[in-house]
Amino acid sequence: MAAWVKGGAADVDAAVEAAVDLLAAARVPVLAGLSADVSALRAAYRLAETLGASLDPVSGPSVYAELGALSAGGVMTTTRAETIGRADVVLVLGNRPWDGDLIGEIAAAAPSRGRAAGAERALLSLGGPQNGAIRHVAYAAEAGGLAVSLGHLRAFAKGHLAGEAAYADLAKRLFAARYGVVVYDPEEVGELGVEMLQGLIRDLNETTRFFALTLADPFQGRAAVQLSAWTTGQAPRVGFGRHQPEHDPWRFDSARQIAAGEADAALWLASLPAPRPAWLGSLPTIAIVGEGSTEAAGETADIVITVGVPGEGVGGALWNERRGVIAYTEPKGPSKTAEALTASGVLARIRDRLIEKGVSC
Amino acid sequence: MSTLRLRGDLPERVDLLNITPLALSGLSEAEAGKLAIGTSRRGLTLGDVFEIRLDGSDSLVIEGGSSRLDRVGAALSEGSIRVEGDAGQRLGEGMAGGALTVTGSAGPYAATGATGGTITIQGDASDHAGGAVYAAKAGLDGATLVIGGKAGDHLGDRMRRGMILAGSAGAFAASRMIAGTILVSGALGDHPGYGMRRGTLIAGSHGALLPTFVETGTPDLVFTRLLAQSLKRLSVPQAGLLGGTLRRYSGDLATLGKGEMFVPA
C-alpha cells in the first residue's frame, strides 16, 4: 500500500488526514472518475452527501447518450445471450462493437431458440470498419455520421422515402427479420442518434420483433447509474450542495466545472483503470487509484492513495457486461501487500474524519 | 423599479429561481437579503451577492451580470426583469408571463419550458436555447424568445409551441421539434431539423442539409404573409426574410415529416 502527500511518500493515515483538510477547505468539491466497484461508488455517494459535493463518472458521455433517449421515450433492449440464442438478423452500427469478441461470437452461432430457431443468421453493418474478417453485408454511413444515416434509414423504413437506394434494401432486410437486434455503442451514436434508432426499433416492432443490444462503457458507468438511482433516485451526475441530491447533467459535468473555475477541489476515484483526466494538476486533487496503475505515483495529484484493484488484488461487485448485471468478482490472487486497502475503506475513513471534525454541509 | 446590484465576482453558481418582482414585493430589504440563492455547501444569500433596493414595483433590474446567475426569471409570471450583463443556464425556465431581458449573453437552455411572456437576449445564447433539459417533454412551450446575436447548437430542441427569433444558429437547429416557429435571419449550421416532427423553420441560409428533407418548390403561402405582418409590428430583422420568394423543404421524413424549412430562393 502506498500513499503520497505533495509528492512525498506518506503513510495512509497521514494521507487521509491531508485529504480531509483539502476537502474541508473546499467550497465546491467534485468527486470524479468513479471507475470503481459498487462498494466504493456507494462510499463516494455517501462522502458527497456529507461533504455537499457533486459526482460525475468518467463514463458520463456514454451513460447520458443512452439515458437521454431512455428518459425521453423509453428504449427496447435485449441481452447478449438472447441475441446469440434468438436473432436471425443482427445489425452492427459503427466501429466500436467490432473491438471486442462480441461480433465474432454472434457470427459464429445461429439462432437456436424462439421463432427464428434453425434459420441462418444474417449479419449486417452500417458505418463499420469493413475489415472482412467476419462475413457480413456492409452498408456505408452518410457523410454526416451515424445519426444522420439512422435518420435516412428510418425514412426508408417508414416508407417516406422510396427508390433503389442502399438504405431501402437495408430497411427491407430489417423488416424481414423474425428476431432482429441492433448492436451499438451509445457514445459513438450520440443521444440524437440513439433516440432516432429507438424510434426505428419501435417502427420495426409494428410487424416483427426487434431490439437493441447496447455496449456498456468500460468504466463501471452502468453500475454507477444503478447505484445512483437506488441511492438518490437520480442519474449519476448529482450534487449535494443544497443538502439534497440535485440532478443536472450540465451543471455537474466535472470537466466543465473545472474548466469554468467553479470547482475548487477534486477527488479522482479510479481503483479500476480510467483515462487520466486533462484537468489533473489544475486544482487541488486527491487521487485514489489502483495499485500498480500508471497513476500510482506521487506526481499524479496533491494526495495519492493506492488501493486494491477490484477483481485483481481485492474482490468487488462490478458490472458484468456479458450478463448485463452487477456481479461479485473474486480477487485473482493475493494483494501485493498483506492487508489490501479498498477504495470504499479509504473513502469511508475520509468521511468519518470529516464528520469527527464537524465538517459537513 | 427595484434593483439588485451585483457586489462582485460570484464564488459559486447561484440560483435565482423565485427571485421575481412578485416574490420580492411583500418583503423588506432585510428579509429579501436572507433568501438563500447559493448552490454550494457554503451557501450564499441574496444579500451576500447583491446590494438590494426594493420599492414594491413590478419591475426588477439586476445591475451587473454573470454566467453563474442561473434560472434568472424562472418563475416569472408578471412584471419584468432586466439583467444588465450576462446570465447563466436556464434563463426564464418555465416562465409563464411578463418580460425578461438580458443585455449580455445567456448560458444553455434559455427559455426551456417557458409557456408565456417574452425573453430577450441581446447578445448570444449558448447551446439548447429554447431546448428541452434532460428528461423534459418539451423545450420552449409557448413563450417568445428573441436572440439578438448567435444561438448555439440545438436551438429549439424539442420545442413545442411559441416563437424563436435569432441572428444565426449552430448545428442541429430545430432538432426533434414538436411544433412552433423559428426564424433565423442569418445562417444555420449543419443538419437543421433533425428528427423534426412539425413546426416551421425559416432561415437566411443553412449548412449541410439532411437527406431526409426534400424540396417542395416555392409556394406562395398566406401563412408567410401573415407572419411577415406580425413581425413588422415587432420591427425585427427577421421580417426581411419573408419579403421575397421562399424555397420550401419538407421533413424530417425520418419521423412524422410534417415540419417545414424555408430559405430565400
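Two strands pair if DSSP finds at least two bridges between them. The views below come from a predicted model.

**View 1. Strands β15 and β16 of chain A form a hairpin.** Strand β15(A) covers residues 316–320, and strand β16(A) covers residues 325–329. The two run antiparallel. Five bridges join them. One bridge pairs A:Asn320 with A:Val325 in β16(A). Four residues lie between the strands. A:Gly324 takes a positive phi there, near 70°.

**View 2. Helix α2 packs on helix α11 in chain A.** Helix α2(A) spans residues 38–51, and helix α11(A) spans residues 343–356. Their axes lie 8 Å apart, at an angle of about 15°. Angles under 35 degrees count as roughly parallel, so α2(A) is roughly parallel to α11(A). The crossing of the two helices is left-handed.

**View 3. Chain B touches chain A.** The contact takes 25 residues from chain B and 26 residues from chain A. On the chain B side, eleven residues are nonpolar, nine are polar and five are charged.

Methods
Residues numbered from 1 in each chain as written. Chains lettered and ligands numbered in written order. Predicted model: local features only at pLDDT ≥ 70, side-chain atom pairs only at ≥ 80, totals over all residues. Axes fitted to C-alpha atoms, helices over the stretch in contact; angles between N-to-C directions. Parallel < 35°, antiparallel > 145°, perpendicular 65-115°, else oblique. Left-handed = near helix turned anticlockwise from the far one by under 90°. Contact = placed C-beta atoms within 7 Å. Nonpolar A, V, L, I, M, F, W, Y, C, P; charged D, E, K, R; others polar.
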